Amino acid sequence: MSTSELSRQERHHSFDGWQEVWQHASSVLNCRMNFSVYLPPQAAEGPVPVLYWLSGLTCNEQNLITKAGFQRYAAELGIMVVTMDTSPRGQDIADDTSWDLGQGAGFYLNATQQPWAQHYRMYDYLVHELPQLITKHFPTNGRQAIAGHSMGGHGALMIAAKNPGRFTSVSAFAPIVAPSQVPWGQKAFTAYLGESRQDWQQWDTQHLIEQGSTLPPALIDQGLDDPFYPHQLTTPLLETLCQAKGLDVHFRYHAGYDHSYYFISSFIEEHIRFHASALSG
C-alpha cells in the first residue's frame, strides 16, 4: 500500500482489522482533510469492497468510528468502511457562528456563492477525489456502497441518485430527504447556492427522483422520538414517492429512538449486513 500522499494520524487494532485515520492535502477543497478507513482482516489477504459513510451536522470522521460499533460486523463480513469530515476546516476557511452552516455543515454539495465557493465542494471531494485516493492506496475491489446519517443521509441518497450504477446499495439513518422544503436545507442552500430554488433542485433527493432519477436497493431507518422528525426529516414524503415510482427502498420507523448514535448503534449491524449482501453480488 503506497501512502506517500497521505499522513496516518491514528491506527487501532479492532476485531483483527485496523481502524485508521489519515490526513491529506485536498486539491478540491483547498485545505487539509481527515478521513478514516476501517480495514477488515480480509484486506490483508486481498481486495475488499468499500462502504462510504457520510456523517451529519457538526460531525467529523470520528463520530462513526468511535460511537457506532460497526467494526465487529465489518470485520466479519469483509467490508472496508470509509468516512470523511463533513466540511473543509481551518482558520482561513469560511465559517458561520451558527452550528448548522459553515464548518461541520458542508451538505455534500458544490457551493457556488461567496465566501463558500473556494472550499465548499464536498460533492466533488466525495464523488471524485476521495474514491481515487482509496482506490490508489487501499486494497479495494472496486465495488462500492454508500450510507449516512441526517445531513449525511441526505448526501448518501442524493449522491446515489446522481450517480446511477455506481453503488450497489444505499442506506440512511434519519436522512434529510427533501432539503429544499425544510429549514436546515433552505438555510444551507441559500448560503451556498444563492436564492434560486432551481439551483437547489440538483442537490435534493426528492426532486431528483420526481424528475426520473432512481436509487439502488435502499434501507432507511427513522426514529419516531427524533426531535427533528418530522419537520426537518420529512421521511414520509420520500416513502410515498418511492412507492409511486416502484423503487426498491425499504422504510422502517422505530418507536422510542431519537437522532443520536444510540439509535445508529442499535441498527448498524442490519445496515452493514444489508450492504454486504449487495456488495457480494
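Predicted model: local features only at pLDDT ≥ 70, side-chain atom pairs only at ≥ 80, totals over all residues.
View 1. Strand E2 covers residues 17-26 and pairs with E1 in the antiparallel sense. Seven bridges join the two strands. Strands of a sheet pair through backbone hydrogen bonds, either parallel or antiparallel.

**View 2. Nine strands form an open sheet.** The strand order is E1-E2-E3-E5-E4-E6-E7-E8-E9, and the pairing is mixed. E1 (7-14) and E9 (249-254) stand at the edges. Each has a single partner strand, so one side of each lacks a neighbour in the sheet. From one strand to the next, the twist averages 20 degrees.

**View 3. Helix H8 packs on the sheet.** H8 spans residues 235-245. The helix touches strand E8 (218-223) and also E9. The directions of H8 and E9 make an angle of about 150 degrees.

**View 4. Leu 133 is a buried residue of helix H3.** H3 runs over residues 122-137. Leu 133 has 7% relative accessibility, so it counts as buried. Beyond its neighbours within four places in sequence, Leu 133 is in contact with Glu 5, Leu 6, His 24, Phe 35 and Phe 138. Glu 5 lies 128 residues from Leu 133 in sequence, but their C-alpha atoms are 8.7 Å apart.

**View 5. Helix H4 is largely enclosed by the rest of the structure.** H4 has 12 residues, 151-162. From first C-alpha to last, H4 reaches 16 Å, close to the 16 Å expected. Of its 12 residues, 11 are buried, which means that the rest of the structure largely encloses H4. Among the buried residues are Met 151, His 154, Leu 157 and Ile 159.

Definitions and conventions
Residues numbered from 1 in each chain as written. Heavy atoms only, no water. Helix = DSSP H or I, 4+ residues; strand = E, 2+ residues; numbered from the N terminus. Expected span 1.5 Å × (residues − 1). Buried < 20%, exposed > 50% of the residue type's maximum accessible area, 1.4 Å probe, protein only. Contact = heavy atoms within 4.5 Å. Pairing = 2+ DSSP bridges. Axes fitted to C-alpha atoms, helices over the stretch in contact; angles between N-to-C directions.
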